[in-house]
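The report below is meant to be read alongside the sequence and the three-dimensional view.

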Amino acid sequence: MTDMTLNIVGGGLAGSEAAWQAAEAGCRVVLHEMRPAVGTFAHRTGDFAEMVCSNSFRSDDDEQNAVGLLHWEMRAAGGLIMEMAARHRLPAGGALAVDRDAFSAAITERLRAHPRIETVAAEIKELPRDGHWIIATGPLTSGALAEAIRAETGAEALAFFDAIAPIVYADTIDMSVAWEQSRYDKGETEAEQRAYINCPMTRDDYEAFVDALLAADKTEFHEGETAGYFDGCLPIEVMAERGRETLRHGPMKPRGLTNAHAPEVKPHAVVQLRRDNALGTLYNIVGFQTKMKYGAQAEVFRMIPGLSEAKFARLGGIHRNTFLNSPTLLDEQMRLKSRPNIRFAGQITGVEGYVESAAMGLLAARLSVAEITGRSLPPVPPTTATGALVTHITGGADAKTFQPMNVNFGLFPPVSGLKSGRRGRTDRYRAYTDRAKVDWQAWLAATAAAPVPA
Ligand SMILES: Cc1cc2nc3c(=O)[nH]c(=O)nc-3n(C[C@H](O)[C@H](O)[C@H](O)COP(=O)(O)OP(=O)(O)OC[C@H]3O[C@@H](n4cnc5c(N)ncnc54)[C@H](O)[C@@H]3O)c2cc1C
């Protein structure tokens, strides 16, 4: 019965987890993977769930870390990626690092051996019209399929690069130095007129900052990675290389801004931060996409007055990355609004990272199986790591500035009655993770279903 079959395109981190979840729930799965016949610049093998760069799933701390919490949630849901990561774990302190080749080989073997999974070595080039599909083709989606997606969604809604400016936790910005104001106080409402957070720089601050940008360690582009991106989103260090005044006339221009703490002193330059989520817990540094290495970024950005104690929800970057404008294109069930027989999962939905991608594969599969069996699931609580991520990409994020997102506590609804700022952090994170675990277990229990009839 073709109707009961779930087709999954892409056997990466998301597609592998999705195939496992759906097959374990009793669904027949066809997993289409183009490698090894068609490769990408980053993959080396034909195995499923290949880790293309680092061999780490990051922190495994499920009490104080949002990615560790995501590990916990995936384990509670019987996730294959986490099971195999545990089997092939390498010593790495608090991080969950694995022997990557053994890990991918074991996943490949497990999926190929599953009686309800058929694997097909083929590139999918069109968006399918019928049947149930999950597309999990990742940041390096093949050209033909990307073109088909673009034709369906419009060019504006499918990005080929992410140019990510760093994102700061709002409660780590020093508001005795920074102030809220939109340039020229633009906006109808008071909220709009105070929409940005501004960090002032003296001439000395600015000169030291430019020196640090020029001296910082940078990441090189991969071969074939740069084509076409340089137009709208130059890295800040490249702008600085073009001339010491370039930034002061670009993203750091001080015009139209008055320092609320010292109105008589005109700042030499101003760094602006813009709200990044509906909750107002995250701010991105406007125009600060960068290829600086992560260690260098934290050091350089903390030179900005007001950000000396900043904690970053994610650092900046520029990568080849195919991803959808999910807040406009996907419904809360991860379906393409214009073609609801297709769900998207993994990095292509605008999450960032192996773990986040696998988690979105897990969720998409559970939503698909429910649909195939004629059930509708209650929404995943946004208080869980999985729910916080899917809520962000399908609606919580600002569609105009949408860029890929790691899981982080800034995406969670606040727990009331707890101390804000640095000092309350341990208790706050513990409260987030305790609440998430209870809510995730309840969701899993509420959505557990009888297996799909044969
Ligand atoms: C160069 C690079 C380095 C990265 N490094 C890290 C890192 O160190 N840590 C981290 O957490 N994240 C990293 N990421 C981000 C991201 O987490 C990983 O790319 C992750 O693998 C995404 O999972 P996914 O399942 O969405 O995509 P993938 O794991 O890439 O899986 C997608 C699969 O779809 C297949 N495919 C593509 N198009 C088609 C098609 N038309 N038909 C059939 N199959 C197709 C691909 O061959 C691939 O197997 C990196 C990304 C890139 C590009």
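Among the contacts in the protein chain between residues at least 6 apart in sequence, 71% join residues at least 24 apart, a contact being a pair of residues whose C-beta atoms, placed from the backbone, lie within 7 Å. This is a predicted model, in which local features need pLDDT of at least 70 and side-chain atom pairs count only at pLDDT 80 or more, while totals for chains, interfaces and linings use all residues. Residues are numbered from 1 along each chain as its sequence is written.

## Overall build

The protein chain holds 13 helices and 17 strands, where helices (H or I, at least four residues) and strands (E, at least two) are DSSP runs numbered from the N terminus. Its radius of gyration is 23 Å, close to the 22 Å that the globule rule gives for 454 residues, so the chain is as compact as a globular protein of that length; the radius is taken over C-alpha atoms, and the rule is 2.2 Å times the number of residues to the power 0.38. Along its principal axes, the C-alpha trace spans about 75 × 50 × 50 Å.

Of the 454 residues in the protein chain, 47% are buried. A residue counts as buried if 20 or more other C-beta atoms lie within 10 Å of its own, as exposed if 12 or fewer do, and as partly exposed in between, with C-beta atoms placed from the backbone. The chain is divided into domain 1 (2-164 + 320-447) and domain 2 (167-315), with bounds that come from an automatic or database domain assignment. The C-alpha centres of domain 1 and domain 2 lie 31 Å apart.

## The annotated site and the ligand shell

An unreviewed UniProt entry carries a "binding site" annotation that covers Gly-10, Gly-11, Gly-12, Leu-13, Ala-14 and Gly-15; UniProt positions are given in the numbering used here, feature names are shortened, and annotations may be inferred rather than shown by experiment. Leu-13 belongs to helix α1 (residues 13-24) and counts as buried because it has 31 C-beta neighbours inside 10 Å. Residues up to four places away in sequence aside, the contacts of Leu-13 are with Ala-49, Ile-81, Gly-346, Tyr-354, Ser-357, Ala-358 and Gly-361. Ala-14 also has its place in α1 and is buried, with 35 other C-beta atoms within 10 Å; its contacts beyond four places in sequence include Ala-136, Ala-345 and Met-360.

Of the 35 residues around the ligand, Gly-10, Gly-12, Cys-53, Gly-138 and Gly-346 come nearest, a residue being near a molecule if its C-beta atom, placed from the backbone, lies within 6 Å of it. Two or more residues of this shell are given by each of α1, β2 (28-33), β15 (317-324) and α11 (354-372), and α1 gives the most, with three residues. The shell divides into 14 nonpolar, 17 polar and four charged residues; here Ala, Val, Leu, Ile, Met, Phe, Trp, Tyr, Cys and Pro count as nonpolar, Asp, Glu, Lys and Arg as charged, and the others, Gly among them, as polar.

## Helix α2

Helix α2 (residues 66-76) is mostly covered, since nine of its eleven residues are buried, among them Leu-69, His-71, Trp-72 and Glu-73. The buried residues of α2 pack against β3 (56-59), α3 (80-87), β5 (95-98), α11, α12 (385-396) and α13 (425-447). After α2 comes Gly-78, whose phi is positive, near 70°.

The loop between β2 and β3 holds Pro-36, and the peptide bond from Arg-35 to Pro-36 is cis, with omega near 5°. Ala-49 is found in the loop between β2 and β3 as well; although not a glycine, Ala-49 has a positive phi of about 50°, and it counts as buried with 29 C-beta neighbours inside 10 Å. Asp-185, in the loop between β10 (179-180) and α6 (190-193), is not a glycine either but has a positive phi of about 55°, and it is partly exposed, with 13 other C-beta atoms within 10 Å.

Gly-387 lies in helix α12 and counts as buried, with 22 C-beta neighbours inside 10 Å. Gly-387 and Phe-412 are 25 residues apart along the chain, and their C-alpha atoms are separated by 8.8 Å.

Note on methods. Two residues are in contact if their C-beta atoms, placed from the backbone, lie within 7 Å.
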